[in-house]
Amino acid sequence: MEDEQTTQQSEAYIDAQIAKLKEQGVTFDICTESDAREYMAEKCPAFKTCAYTRLFDVHAEGENEGKYMDLDFGQLKYLADIDQCLREILLAMSLDIEHFCKTRLITECAVTEADDHAVMADYWSSQDDRQRKYIEREIARSKNDPTNDYIFEEYGDNLPLSAFVEVVPFGTIVGLIRYCGTCSDDKQMIADYFILRTVQSLRNACAHNSCILLDLFPHTDDEKVAPPEINKALSTIGMSKRLRHRWLQTIPTAKIASLLYLYSTMVPEGGTRTRRLDDLKRYLGEIEKGSVLPVENPTMAALAFVKRLTEGFNLID
């Protein structure tokens, strides 16, 4: 009885959302009301699907003032679907970056087995009590994961760098990279730290299934969204100052630019890189061929920017 009541409540909520969309001028020609109802009940929640309405214009005056211009629910569904696909690709790419930045860190800092332990001894001594307790809690959580048994059976609590990076979150690894870069006065490592912070934020958003293709408008304040290194990289590949300002002041595209730049510099040629870039190339190609969005929609411009980055960074031909 309770399940039946919950289902009825859900249906009533979705019906109310459809009625609201129709009042706002949204049509149901590309996607029928029945299909829309099923989609929001089983595939993507109504609130999340309807959030993409902010990417469409409304009538400024006349009898339809305040209503959306030429917006069909099928376009909202399409946006939700391509956003989901993009999150899957970007999450996989961010995990590749995490893996290879660990490899690079170990290679650069742990030349010998003694170095492997010495780096961690110095790192622990540099942490204040609050930071140390936080990291210890993260390690304790890792101990409860049976997949990490082989690490703790080998080293116990005396983790060298090569083992430490396997049991702590990405954010802790990023902080460790900054520490190592500062200690060795490695300017490239420090620059990578700031870009990795941006990639970490994108990774977390993708992992939590947050909308990526949503806030596609530039921030108007003076705060820089992308690290300076990314602006320099885009200038190097010939992107105009106007385009750099437009898309590096837009949070999702600034984060994607950071990820693609690091992917081009940190992930080596090989099977992993080929598979991931094939997925991205296929994704961008399918959108070019089968989009139901108007060309002036900011999503199309944002993805055109992403494609240009992949070409500029020699990721995709």
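Predicted model: local features only at pLDDT ≥ 70, side-chain atom pairs only at ≥ 80, totals over all residues.
Figure 1. Buried denotes under 20% relative accessible area, exposed over 50%, and partly exposed in between, with a 1.4 Å probe and protein chains only. Helices (H or I, at least four residues) and strands (E, at least two) are DSSP runs, numbered from the N terminus.

**Figure 2. The largest nonpolar core.** This core has 100 residues. A nonpolar core is a set of buried Ala, Val, Leu, Ile, Met, Phe, Trp, Tyr and Cys residues joined through side-chain atoms within 4.5 Å. The residues with the most contacts inside the core are Phe73, Ile97, Leu161, Phe164, Leu176, Leu260 and Tyr283. Helix α4 (residues 73-109) contributes the largest share of the core, 15 residues.

**Figure 3. The surroundings of phenylalanine 164.** Not counting residues up to four places away in sequence, Phe164 touches Met120, Tyr123, Trp124, Ile135, Ile139, Leu159, Thr172 and Leu176. Contact means heavy atoms within 4.5 Å.

**Figure 4. Lysine 102 in helix α4.** Lysine 102 is placed in helix α4 and counts as buried because its relative accessibility is 11%. Neighbours within four places in sequence left aside, lysine 102 is in contact with Val165, Glu166 and Ile173.

**Figure 5. Serine 10 and glycine 181.** Serine 10 lies in helix α1 (residues 2-23). With a relative accessibility of 37%, this serine counts as partly exposed. Serine 10 and glycine 181 are 171 residues apart along the chain, and their C-alpha atoms are separated by 53 Å.

**Figure 6. The chain as context for the close-up views.** The protein chain contains 15 helices and 0 strands. Its C-alpha atoms fill a box of roughly 75 × 60 × 40 Å, taken along the principal axes. Of its 317 residues, 44% count as buried. Among contacts between residues at least 6 apart in sequence, 73% join residues at least 24 apart.

**Notes.** Residues are numbered from 1 along each chain as its sequence is written, and side-chain values use heavy atoms, with hydrogens and water left out. Local features need pLDDT of at least 70 and side-chain atom pairs count only at pLDDT 80 or more, whereas totals for chains, interfaces and linings use all residues.
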